[in-house]
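Morning, everyone. I'd like to talk about salt bridges today. Have a look at the structure first.

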Amino acid sequence: MISNPVLNSEQKWQSTLKRLILIAFNIFLFLLAIDFIGYSFRLLNKDIANSIINLTANPFISLFIGLLITAIIQSSSTSTSMIVAIVASGSIEFSDAIPMIMGANIGTTLTSTLVSLSFITNRDEFRKAIGAGVVHDFFNILVVAILFPLEYKYGLLTHLSSSASNFILGADYVAQNSEFRYFLFTKPIVLFIGELVPYPVVLAISSFVLLAVTVKFLSRTLYKSITGGSREFLQKYFFGSPYRSFFWGIVFTAGVQSSSVTTSVIVPFVATRKISLKQSFTFILGANIGTTITALVAALFKSEAAVSIALVHLFFNLIGVLIFLPFPIIRNIPVQMAKSFGRLAMKFRIAGFAYIIFTFFLIPFVLISFNKEEGNEKETDDKIEESINKSVNPTDSLD
């Protein structure tokens, strides 16, 4: 029986079209889940963002503010936009916002770590998945440990970003307000469903479930689309060398405009032995650079402070890449840390949950709350002292 080449070509085209539609739909659902998480947590914690602005004078607390906000809303792009708006309005100094950007880089890694928990029923897959999830965390934590003291002592990122923004712009732009950023066309859907289901806890739980399901489907569809299901193809063309996987990390992340998508999709690849943890790490390094491109483009239409903040994000990740990527020994440090944590999490499953709760929520929230109480006590003491001074010198109040 002779096959019809025209018919076969048409079938392949239809199959490709269906797969592309499926990929696009999965990406849309993933981004929708991210927005729902942010929306539901903002309803639960709507007063937090306004109450912590005054705490940014302490760089250490400012770091944890950026971490906590980004962990809550599940998007470093959104939290960076919020920080840009605050700086542009003059509410806080540009240099005070830089530790928040550093914290945002840590907070955004929560997504891939959450995705790794979906493999908890299989010991071996969970060990590899949790390692792939936390290697991004450990990298950003190490970079913060290096750059935070340099910024605190010498203002490294402040000088770099300010000089670069002055060179790029040449003059100040008129500041524009920046609102909460929703992906693509998700905003009407999120607001509509949010009004129908006015229960933040239900929305949050549903969002986490949707997140895990869409990532699994997305990674499976992308893997088959890119490689035809061939592990050898994936190894050869995308992860054949550290610099090749680094390049594709930049390209894919810039393409989908979300490091959460690309780094989370990598987790199932590592869990199912399609690629190694070491190979995934260089891809994640590229994703860290790719995720800054959208913010840079958007910032060009805002103030010089907005451009400077976007450049801080870029320089933070770029310096981290320059430290870790060229040197295999240094590059292996976060990988070995992640492998060790994976073995611990496989032995004690609760370790993964405890790590997420303590690192992304409990420690930052406790430190911020403690510092806030100290600030309130100081403000009360200042008011008492002011009242005493007025009572001693009543004529001062008439001036």
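Is arginine 127 buried, exposed or partly exposed? Arginine 127 is partly exposed, at a relative accessible area of 24%. For the cut-offs: buried is under 20% relative accessible area, exposed is over 50%, and partly exposed is in between, using a 1.4 Å probe and protein chains only.

Some ground rules. This is a predicted model, where local features need pLDDT of at least 70, side-chain atom pairs count only at pLDDT 80 or more, and totals for chains, interfaces and linings use all residues. Residues are numbered from 1 along each chain as its sequence is written, and side-chain values use heavy atoms, with hydrogens and water left out.

Now the bridges. Searching the whole structure gives two salt bridges. That term means a side-chain nitrogen of Lys or Arg within 4 Å of a carboxyl oxygen of Asp or Glu.

Take arginine 127 again. Its partner is aspartate 124, with the closest N and O atoms 2.7 Å apart. Both sit in helix H7, residues 123-154, three residues apart, or about one turn of the helix. Helices here are DSSP runs (H or I, at least four residues), numbered from the N terminus; strands are runs of E, at least two. Aspartate 124 is partly exposed, at 27%.

Next, arginine 273. Its side chain meets aspartate 124 in a salt bridge, 2.9 Å from N to O. This pair links distant parts of the chain, 149 residues apart. Arginine 273 lies in the loop between helices H13 (259-271) and H14 (277-299). Arginine 273 is partly exposed, at 46%.

Shared partners join Asp124, Arg127 and Arg273 into one network.
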